[in-house]
Amino acid sequence: MGTEQSDVLFAEVFETHLRGPGFVMEPPGRVEFSNSSGGWLDCSASGSPQPTIDWVHADSTTVTEIHGVRRVLRNGTMVLLPFPAAAYHQDVHNTIYRCVASNSVGRVVSRDVQVRAVVAQAYKVDVEVLSASRGCTAILRCVVPTFVKELVRVVSWVHEPAIYIYPSLQGDGKFHLLPTGELLIHNLQETDESQSFRCRSMHRLTRQVVVSSPTRLRINCK
C-alpha cells in the first residue's frame, strides 16, 4: 500500500471516530438556593474530541468568574458561593444561564436555567382558629407571612405538651392534618376546651424549622 493510500485510510479512520458533543448531564431548568448555603449547576458532555464546557448568559455572552461570588470549575460545574444579603446581585443571583458544550465537530446549548437565590429572612408563624363548635370539627390554620409563603410549608402540629401530628390520608379519627397544612379536630367535646396546639413550619431552602406560640382551643356553644 502506498503512502498516499495509507494517509487516506488513516484520515477515514480518524474521521469515523469524530463525534459531536452530547450532554451527559444537562442542568435542570430551575435552580433555587439560599444565600446562606450557596448553589451550583452541574454540566457535562461526551464527544470526540472531548468537549469543553462553557457557561453563557441569556444574551450569549460568556460567564466569567467573580471573586468570592461565582466560580466556574474545570469539570464544568458553576458554583455560586454563599453571600451576605448586601452582596446580592440580580445579574448573578436571579438570572438565566446556559451550558455550552463544544468541540471541533460542533456545539450543543442547554435549556435555559433560571437561577434564583433567596436571601434568608427571619419570620414567625401564628395559629388561627377558623371554627370550633361543640360536636363539630375545629379547623386550625398556620398563618405564614406573605413574603415567605411560597418557600414555607407546614410539616406538623404539636398537641401540647408533646403529641406530634403529621400529614395523613385519613387521620386517626380525632386529628387530621391536611396536605395544605390545616389541622382538623373532629367531634369537639368539653374535654377539648383549653387544649393547646402549635404549628411547625419548615423553609424548603434553608431547612429552618419555625414553631408558633401555643394557641388554646376555645369551644363555642351551639
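Predicted model: local features only at pLDDT ≥ 70, side-chain atom pairs only at ≥ 80, totals over all residues.
Visitor: Into which domains is the protein divided?

Guide: Start with the residue ranges. Domain 1 covers 5–118 and domain 2 covers 126–216. The C-alpha centres of these domains are 44 Å apart.

Visitor: How many residues of each domain are in contact?

Guide: Six residues of domain 1 are in contact with five of domain 2. Together the two domains bury about 420 Å², and 56% of that is on carbon and sulfur atoms. On the domain 1 side, Glu-32, Arg-116 and Val-118 supply 71% of the area buried against domain 2, more than any other three residues.

Visitor: How many salt bridges are there between domain 1 and domain 2?

Guide: Here you look for a side-chain nitrogen of Lys or Arg within 4 Å of a carboxyl oxygen of Asp or Glu. The count between the domains is two. Arg-116 forms a salt bridge with Glu-150, and their closest N and O atoms are 3.0 Å apart. Strand 2 (30–34) and strand 10 (113–118) each supply at least two residues of the domain 1 side that touches domain 2. Strand 2 gives the most, with three residues.

Visitor: Now the sheet: in what order do the four strands stand?

Guide: The order is 11-12-16-15, in an open sheet with antiparallel pairing. Strand 11 (126–131) and strand 15 (175–177) are at the edges; each has a single partner strand, so one side of each has no neighbour in the sheet. From one strand to the next, the twist averages 20°.

Visitor: How many bridges join strand 15 to strand 16?

Guide: Three bridges join these antiparallel strands, with strand 16 spanning residues 183–185. To find your place, look at His-176, which stands opposite Leu-184 in strand 16.

Note on methods. Residues numbered from 1 in each chain as written. Heavy atoms only, no water. Pairing = 2+ DSSP bridges. Axes fitted to C-alpha atoms, helices over the stretch in contact; angles between N-to-C directions. Domains from an automatic or database assignment. Contact = heavy atoms within 4.5 Å. Buried area = accessible area lost by both parts, 1.4 Å probe.
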